[in-house]
Amino acid sequence: MAKPTLLIVWGYGWAASSPLAYTLQRSNKYCHGGYTKGFYYPSLTVNPNRVSNIESYKDLILTNTWENYKSNGGHRMNLPQDLEPLRDYPLEVFAEFSEKPYTLEKYINYYYTLWETVKPHGFKAVADFSGFSWRQQSLDEIQNIDWSTLHEYFNLKGIFITRDPIRRAFSEVLARNQKYTKGSGDYTDLKDIINASKDYVEFFDIAKSKIPDTQMFSMEELWEGTGKELKRLSTFLDYPITELWTNLYAPDIGHHLRYDIRVPCQHHGQADAELTPEMYKQYLKDFSPIYNRYRKRFGILPRYWGRPINYNNNL
């Protein structure tokens, strides 16, 4: 029997990972991620004390009160259209999956059962949209996950969604400021932006060492490009992706961004500060190694990377 395909979304946050998940699950029915965008479960198997939403969501799912629960905020992916294919999912499997100890065997059983449940609805794969933060803790977890066992049971594919490094980091810092300090911080501080930076090439190589069939896609090229990146995504998945979900970061309107029910997670903190051209040029001095490594690996930077955007022109 052919192994089911399990798509692992490696990252990154604030680079349209939610619109990508909605694109693959809702708009095109390529894959289904289960009861929510992600439980960070593989990491839980090596670090059961890491932050996860599995405890807070467990009772809601097991009592069938999860549908539409606070669905107008965050990225819970619990709309009726998300949960309709799961009507026949055996909740006893989820109950076991969500109980400690968190094990890879439970993870495998959860996704095998998910595949058998959603396959009759036309889906071609299952997915873990959780993503990884790529901070040191996550790097340690990634290195210790038993990837060889997952390869035994699944046809593993991996995907990164990227965004201009400075704008992605700026969005992350604004969102975290609003979430954790209720807007009281000042994120013109270069140190905070640097700490939120991600070296895409370095992490891409680590991911490919775990899942060789891993590809990286530029948010800007996917949503605003010529269609070449969209075609490459379809080729990678061996499935036609014909419709992209709304992405509030493309075209990027920066501090003008406001809440939109179609993507209720993207607005957090984004209007709290403007990434001015002067700030961007200042950050570019420190971010230049990230851009240079990307250019050296892939030959060219994606559109809009490495230079300021006039947000007013994108309104």
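Visitor: Which residues lie nearest the centre of the largest cavity, and how many residues line it?

Guide: The general idea is that rolling a probe the size of a water molecule over the atoms shows where empty space is left. In this structure, which is a predicted model, the largest cavity is lined by 15 residues, and those nearest its centre are R163, S171, D252, G254 and Q270. The volume of this largest cavity is about 120 Å³.

Visitor: How many cavities of 30 Å³ or more does a search of the whole structure find?

Guide: The search finds four cavities of 30 Å³ or more.

Visitor: Turning to the strands, what is the order of the open sheet, and which strands are at its edges?

Guide: The sheet has five strands in the order β2-β3-β1-β4-β5, and the pairing is parallel. Its edge strands are β2 and β5 (214-218), each of which pairs on one side only.

Visitor: How should I read the pairing of one strand with the next, for instance between β1 and β3?

Guide: You can follow the bridges from strand to strand. Strand β1 (residues 5-11) pairs with β3 in the parallel sense over three bridges, and here L7 of the one stands opposite A127 in β3. On β1 there is also a parallel pairing with strand β4 (residues 155-162), over six bridges, where I8 stands opposite G158 in β4. Strand β2 (residues 31-32), for its part, runs parallel to β3 and is joined to it by two bridges, and H32 has V126 in β3 as its bridge partner.

Visitor: How is a pair of aromatic rings described?

Guide: Such a pair is described by the distance of the centres and the angle of the planes. The count for this structure comes to 34 aromatic pairs. Take Y57 and W66, whose ring centres are 4.4 Å apart and whose planes stand at 40°, so the pair is tilted. Y57 is buried, with a relative accessible area of 12%, and W66 is buried too, with a value of 2%. Another pair, F97 and Y110, is stacked, with 4.0 Å from centre to centre and 10° between the planes.

Visitor: Why does the pair of F97 and Y110 tie together parts that are apart in sequence?

Guide: F97 lies in helix α5 (residues 91-97) and Y110 in helix α6 (residues 104-118), so the pair links parts that are 13 residues apart in sequence. F97 is buried at a relative accessible area of 1%, and Y110 likewise counts as buried at 1%.

Visitor: Which residues do ring pairs link into a cluster?

Guide: The cluster consists of W10, Y12, F132, W134, W147, F160, Y200, F203, F204, Y294, F298 and W305.

Visitor: Over which rings does the charged end of R26 sit?

Guide: The charged end of R26 sits over the ring of Y22, at 4.3 Å from its centre, and also over the ring of W245, at 5.2 Å from the centre of that ring.

Visitor: Is E141 buried or exposed, and what is it in contact with?

Guide: E141, which is found in helix α7 (residues 136-144), is buried, with a relative accessible area of 3%. Leaving aside neighbours within four places in sequence, E141 is in contact with S43, V46, N47 and R50.

Note on methods: Residues numbered from 1 in each chain as written. Predicted model: local features only at pLDDT ≥ 70, side-chain atom pairs only at ≥ 80, totals over all residues. Heavy atoms only, no water. Phe/Tyr/Trp six-rings, centres within 6.5 Å; stacked < 30°, edge-to-face > 60°. Buried < 20%, exposed > 50% of the residue type's maximum accessible area, 1.4 Å probe, protein only. Helix = DSSP H or I, 4+ residues; strand = E, 2+ residues; numbered from the N terminus. Lys NZ or Arg CZ within 6 Å of the ring centre and 35° of its normal. Contact = heavy atoms within 4.5 Å. Pairing = 2+ DSSP bridges. 1 Å grid on protein atoms, 1.4 Å probe; cavity = no way out; pocket = protein on both sides within 12 Å on 5 of 7 lines; lining within 4 Å. Points joined across faces, edges and corners; volume = space filled by probe spheres on them.
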